[in-house]
Amino acid sequence: MDLSVTSLLYFGALLYVVVQLVRFVCADVDFTLQWAAAFGNKPEIKLRRKVVWITGASSGIGEELAYQLARLGARLILSARREKELERVKHCCLSCSSLQEEDILVLPLDLLERDSHEAKMKSAIEHFGSIDVLINNGGRSQRSLFLETSMEVYEALMELNYLGTVSLTKQVLPHMTQRGTGAVATVSSVVGLAGAPLATGYSASKHALQGFFNSLRTELTEYPGITISTVCPGPVQSQVVHNAFTEQLGKPIPAAGDQEHKMPTARCAHLILVGIANRVKEMWIANQPFLCMYYVWQYMPTVAWYLTDLLGRRRVQNFKAGLDADAAYFTRAKAS
Ligand SMILES: NC(=O)c1ccc[n+]([C@@H]2O[C@H](COP(=O)([O-])OP(=O)(O)OC[C@H]3O[C@@H](n4cnc5c(N)ncnc54)[C@H](O)[C@@H]3O)[C@@H](O)[C@H]2O)c1
């Protein structure tokens with residue numbers, strides 16, 4: 001082989017490595033989850049016939065998780081407040097899978113009614129005998145400026161997103177430690193890793209979850225069969241903005257805005273299941289350039305502050321002008 005052919009081969013190999021690296025860096029998941037998706041356990045093998053309890057199963061990410069889990073043969077406990085919506089989700093699960101009626105328990109639950117959580121846990125155990133996975137997904141977001149937001153909204157965000165989640169986990173975890181096996185996956189957010197304007201209380205509640213579960217995980221090192229995961233999605237298509245708190249309790253969002261730039265719900269749910277099947281401790285799931293921003297937050301906070309100030313100012317200005325604040329980060333704002 002002459003020199004030019006060898007050089008060409010080297011160049012080709014180098015190009016291949018560079019292309020793979022760029023693909024790796026530009027993907028919509030962090031490196032660990034990417035690795036798990038490419039080479040790890042398949043959810044259809046790991047989660048088949050497992051009993052999975054999903055909160056917030058009546059819409060958005062929770063609803064999609066229910067469909068994907070049903071299709072891969074997991075048995076389900078579906079929780080949220082509205083029984084009728086849960087029955088609709090159960091019906092769809094049954095029609096898209098080979099699950100039987102008794103494989104899906106509709107268990108209406110309000111995360112705010114913490115006194116009811118012990119009884120809900122008993123009902124779940126009575127039905128299935130065990131719980132393999134708890135997905136703490138139920139929660140609400142926020143779209144309002146701190147200066148205009150009442151303290152009741154801050155209280156409500158912590159009560160729901162943080163204390164409601166801790167309360168249910170407190171009921172389920174002893175069952176898992178007794179068995180020495182189980183997984184608790186909690187849907188936090190990328191704003192649980194960094195801040196975001198218009199979401200001071202929401203971001204704080206997700207930071208609280210991150211701190212809580214990161215600490216809990218370390219307390220459970222003597223239970224190697226138990227996995228504590230936090231999921232940090234960026235913008236995902238769902239009802240989250242429509243259902244968000246505003247500056248006053250009970251005041252609805254004027255318009256939920258454009259969802260085009262957000263990650264499809266099915267993609268997010270699939271990645272969460274890959275993470276659970278591979279016992280990934282922290283999952284970052286976001287379209288670009290959102291995901292890159294969180295790497296910058298992690299490794300170059302000074303640069304991140306500069307960018308966040310620029311983008312945040314624009315988001316606040318658009319919000320004040322009545323434009324779609326969510327689409328205003330990286331795209332031209334559209335009137336909401
Ligand atoms: N969609 C996003 O862009 C995004 C991004 C990051 C994190 N998240 C998180 O994902 C999770 C799911 O949200 P989503 O995007 O599917 O929104 P969604 O509004 O479509 O779903 C939220 C679910 O939580 C339930 N819920 C709300 N209050 C409850 C209560 N008091 N008791 C029990 N259930 C209650 C709702 O009924 C619904 O089923 C939330 O924790 C949210 O913070 C969403």
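Residues are numbered from 1 along each chain, in the order in which its sequence is written. Because this is a predicted model, local features need pLDDT of at least 70 and side-chain atom pairs count only at pLDDT 80 or more, while totals for chains, interfaces and linings use all residues.

Me: How far apart are the end C-alpha atoms of helix α7, and what span should its residues give?
Reply: Helices (H or I, at least four residues) and strands (E, at least two) are DSSP runs numbered from the N terminus, and helix α7 covers residues 151–179. The expected span of a helix is 1.5 Å times one less than its number of residues, so the 29 residues of α7 should span 42 Å. This agrees with the distance between the end C-alpha atoms, which is 41 Å.

Me: Which elements do the buried residues of α7 pack against?
Reply: A residue is buried if 20 or more other C-beta atoms lie within 10 Å of its own, exposed if 12 or fewer, and partly exposed in between, with C-beta atoms placed from the backbone. The buried residues of α7 include Val 153, Leu 157, Leu 168 and Met 176. Their packing partners are β1 (51–55), α6 (117–128), β4 (133–136), β5 (182–187), α8 (200–219) and β6 (226–233).

Me: Which residues are closest to the ligand?
Reply: A residue is near a molecule or strand if its C-beta atom, placed from the backbone, lies within 6 Å of it, and 28 residues surround the ligand. The largest share of this shell, 3 residues, comes from helix α4 (residues 60–71). The closest residues are Gly 56, Gly 60, Gly 139, Ser 238 and Gln 239.

Me: How many residues of the shell around the ligand are nonpolar, polar and charged?
Reply: Here Ala, Val, Leu, Ile, Met, Phe, Trp, Tyr, Cys and Pro count as nonpolar, Asp, Glu, Lys and Arg as charged, and the others, Gly among them, as polar. Sorted in this way, the shell holds 11 nonpolar, 14 polar and 3 charged residues.

Me: Which two residues does a cis peptide bond join?
Reply: Most peptide bonds are trans. Here, however, omega is about 5° at a cis bond, and the proline concerned is found in the loop between β7 (282–285) and α10 (290–299). The two residues joined are Gln 288 and Pro 289.

Me: Is Leu 198 buried or exposed?
Reply: Leu 198 is found in the loop between β5 and α8, and its phi is near 75°, a positive value in a residue other than glycine. Because 22 other C-beta atoms lie within 10 Å, Leu 198 is buried.

Me: Is Arg 49 buried or exposed?
Reply: Arg 49 is found in the loop between α3 (43–46) and β1, and its phi, near 65°, is likewise positive in a residue other than glycine. Because Arg 49 has 10 C-beta neighbours inside 10 Å, it counts as exposed.

Me: Which residues does Ser 188 touch, not counting residues up to four places away in sequence?
Reply: Ser 188 lies in the loop between β5 and α8 and is buried, with 27 other C-beta atoms within 10 Å. Two residues are in contact if their C-beta atoms, placed from the backbone, lie within 7 Å. By that rule, Ser 188 touches Lys 206, Leu 209, Gln 210, Thr 230, Val 231 and Cys 232.
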